Amino acid sequence: MHRRQLLVAGGSLFALSACASNGMEMGGGASPASLAEDARIGRAVLPAQTPRAELLQPWTGPFEGVPPWDKVTPAKLRAALLEGIELQRAEIAAIADNPEPPTFANTMVPYQMAGEPLDRASSIYGVMVQNIGSDDYQAVDTEVSPLLSAAGDEITFNEKLFQRIKTVADNAVQAGLTPEQTRVAVRTRDAFVRNGAALDAAGKAELGRINTALSNAFTSFSQKVVADENTWTHIPNEAGVAGLPASNKAAAAAAARSRDLSGYAIVNTRSSVDPFLSFGDDRDLRETVWRKFVNRGDNGDGNDTNAIIAEIVKLRAERARLLGFGNHAEWRMQDTMAKTPAAAMDLMNRVWAPAKARVTEEVADMRAIAGHEIEPWDYLYYAEKVRKQKYDLDQNELKPYFELNNVKRGAFYMAGRLYGYTFTPLPDGAVPVFHPDVEVFEVKDAAGNHVGLFYSDDFARAGKRSGAWMTTYRSYSTYDGVKNVLASNNNNFIKAEGDEPILISLDDAATLFHEFGHALHYLSYRITYPALGGTPRDYVEYPSQVHEHWVLSRPILDGYMKHVETGQPMPQSLVDKIEAANTFNQGYETVSYLSSALVDMDLHTRATPPTDIDAFERESLARIGMPKEIVMRHRLPQFNHLFTSDAYSAGYYSYLWSEVMDADTWAYFEESGDVFNPDIAARYKAIILSEGNSSDRGEAYRRFRGRNPDVAALLKVRGFPTS
C-alpha cells in the first residue's frame, strides 16, 4: 500500500489506491500532455538510485510485471524493507530540499512517486505476514514494523516537506490547479496536520514515541491472536460430530488427519466453528468449542491480549490529546462520512433497540423448542430448528448448491453482466504465486483490453490470519503512465481432500461476493493520482456489501449454483423459502455485530481509558443491555479490526453506515425491475466505483441516486420497523 495514499486515506485497512481504465478520465483532470510534463518534472526531482536488494527491483515478467513470489525469503524481505526505507528517505529529502519554489509538479507529483521500491517490498511483506505467517516471517514483522512506523513519522514530521505541501495547497487557486490536483494538495496538507506535522519539536518526538509503541503493540496483538487461532477441539469419535453435514464432517476429519489425530478436529476459526455451533447435536461439545473460540486472546496465558489492549487505548488517548482532540474517536473520524462519534452513535442507536426486541422474539421461539434456557452456544443450533419449523428451510438443503468453484464463477458472471469484466484462469506456473493453493485470473474489460490480474487465495492454513479480506499488490493511476491492477481475495475455507467438492454455506457465499466487491472497486478505478485512491472508511465497505445481494439473483442461480449431485439449479421454491426467511435471525446477526461496534465507540470515546479490559467489556455491554444469549461477534481480546492497526478503531460502525447506502442501492436496482439494470450499473460503476476519492463521496452518492440514502431501506432489509 502506497505510503502517500495511506497517509491521505487515514490508514484504512481497505483504503483504495486506484484501478483499471477503460479509457474514461475524471472530469476536471489534467490533460495527458500536462500529466507527462508533471511526471517528467517529478522524476527530475528524485535522485537516481539503483536498489541493491532483489525484492526492491521493478517487477518483471508478463502482465506488466508481477510479484516475484518464487524468490521471496524472510532474509531477502528483511533486506529489501531496510534498504527501501533508506531509498525513500533520500527521495523525500530531495523533494524537501528542492531550491525551486514549490509547485504541484515539483512537490506533489514526486511525493506520489517517492518510495516505489519500498512499496513493492511492502506489498510482498503484507502478504507473507498475513497469508503465510510462519515464525520467520513473524520475526521480520516484529523487527521491521516499528521501523516502518518511524519512517512514516519521519516523512510527516519533515518540516521543509510539510511547508512545501502547505504552500501548494494554500495557493491552489492562484496556481490554477485542476479540481483533482487541488483535492490532492489540500487533502495531503490536512492529513499531515492531522498526523502531527504542525506540532513543535517536542510534540513530534512524543508522537513518534507513541506511534512506534503502537506499531509494536499491533504486531504483538496480531501474533497472539493468530497463535490462539492455531488451536482446535479434538473430537475422537463419530458421536461427537452427530448432526453435522457430511461436508463439514469431511473437513473436520481432514483437519484431524493433517494434525496427526484420529477422529475429527474443529479448528478454532469461524469457518469451522460456526457450522459446528449450528448443527452439532452434542450440547457439551458445542459449549467447549464456543468457549475456546470466544476466549481467543483471553486465557491468562502467553497469548493473552488484555494488557496489550490496555496499552493501545492508553497510547491512543495520549496521541489524541497531543493532537488537540478530546479522544481517539474524534481524531479518527475527521476524514469519514459520519465526521463525529455522535453521528455514528445516532445511526447505531436507531438500529439497536429494534434489534434487541427481535432477539427477545427469537429466544422465545427457540426456548419453546429447546425446553430450556438458551445459552450462547445454543443460539445458532436452535435457530436452525426454528428456521426449519417456521419456513421449512434447512441450511443443509442449501449447501449442495454452493460449491466453492461454482460460487467464484458466479461472482465472475456478476462482474461481467454488471461491468463488462471477464476473468480467465491462467495456467499453473504462468505467474509466480506465494502458495500452491493460489489461483490467478486475467481480467479484461468489455472491449477485450487487459485490466489486471486477480489472485484467489481461498483456504485456511496454519499462520494465516483468520477471516476474509482483499488487498492489492499494484493499483491503478495515470499520472506516471497507466498501471494495471494486481488484486487479491483471501478466505479461510476448509480445504477438502482429493476431489471432494468444497461446499460452503450461503453466508460464506455472501462473504465471497463481499470481498470480490472490494476487488471490483479496485478494478474499476479511473483516477489520476494515488492520493485520491483511499475512500472514507465508512464508505469503502459500501461497494463490497452491495454485491452480496446478487448471490441469489436468478441468472446466477441458474448458471452457477447447481446441485453438486443432480446438476440442477436451485429451484424457485427453495429460493422462495430463503426469501421468506430473509429477515430470520436478524436479531442475532444485528446484535452480535452492533454490540461490537458500540463497545468499540465506547472504548475510544472514554476520557480515561480503561485498564481492566475484561471488566470494561462486561460493563459496556451491561450499559447497552446486551442480551445474555448472545456474545459480541468480535470480543475485544480478539478484535483484529481494532488492535492490529488503527484502521477500524472507532470505526467498526462503518459497516452499518455503508449498509445504509448498500440497502438503498439494492432497492434502486429492484425498483427498476431488473437487478442487472445496465443503465444503473453503468452509472454505479462510473460514479460510485470509478472515482475513488476524487470527489466528496456523499455528493457522489447524491449524483448516483438523486438524493441522500434512505435509512428506511436498511431497516426494511433487516426486517425492523421503519417508523
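An open sheet made of five strands runs in the order 3-4-5-7-6, and its pairing is mixed. Its edges are formed by strand 3 (422-425) and strand 6, each of which pairs on one side only. On average, neighbouring strands of this sheet are turned by 25° against each other, direction ignored. The model described here is predicted.

Strands of a sheet pair through backbone hydrogen bonds, in either a parallel or an antiparallel arrangement. Strand 6 and strand 7 (residues 485-493) adopt the antiparallel sense, with five bridges between them. Two of the residue pairings can be named: tryptophan 469 has asparagine 490 in strand 7 as its bridge partner, and threonine 471 has serine 488 in strand 7. Although strand 6 is an edge strand, strand 6 (residues 469-474) is mostly covered, with five of its six residues buried.

## Helix 6

Helix 6 comprises 22 residues (residues 135-156). From its first C-alpha to its last, helix 6 reaches 32 Å, close to the 32 Å expected at 1.5 Å a residue.

## Aromatic pairs

The structure contains 39 aromatic pairs. One of them joins tyrosine 653 and tryptophan 657 in an edge-to-face arrangement, with 6.3 Å centre to centre and 90° between the planes. Both tyrosine 653 and tryptophan 657 are buried.

Another edge-to-face pair consists of tyrosine 668 and phenylalanine 704, at 5.4 Å centre to centre and with 70° between the planes. This pair links distant parts of the chain, 36 residues apart: tyrosine 668 belongs to helix 28 (residues 654-671), and phenylalanine 704 to helix 30 (residues 697-705). Phenylalanine 704 counts as buried because its relative accessibility is 0%, while the cut-off for this class is under 20%. Elsewhere, ring pairs connect Tyr413, Trp550, Tyr560, Trp666, Phe669 and Phe676 into a cluster.

## Arginine side chains over rings

Two arginine residues illustrate contacts between a charged group and an aromatic ring. The charged end of arginine 286 sits over the ring of tyrosine 381, at 4.0 Å from the ring centre. The charged end of arginine 296 sits over the ring of phenylalanine 293, at 3.8 Å from the centre of that ring.

Methods
Residues are numbered from 1 along each chain as its sequence is written. This is a predicted model: local features need pLDDT of at least 70, side-chain atom pairs count only at pLDDT 80 or more; totals for chains, interfaces and linings use all residues. Side-chain values use heavy atoms; hydrogens and water are left out. Helices (H or I, at least four residues) and strands (E, at least two) are DSSP runs, numbered from the N terminus. The expected span of a helix is 1.5 Å times one less than its number of residues. Rings of Phe, Tyr and Trp (its six-membered ring) pair if their centres lie within 6.5 Å; planes under 30 degrees apart count as stacked, over 60 as edge-to-face and the rest as tilted. Buried means under 20% relative accessible area, exposed over 50%, partly exposed in between (1.4 Å probe, protein chains only). A charge sits over a ring if NZ of Lys or CZ of Arg is within 6 Å of the ring centre and within 35 degrees of the ring normal. Two strands pair if DSSP finds at least two bridges between them. Axes are lines fitted to C-alpha atoms, for helices over the stretch in contact, and angles run from 0 to 180 degrees between N-to-C directions.
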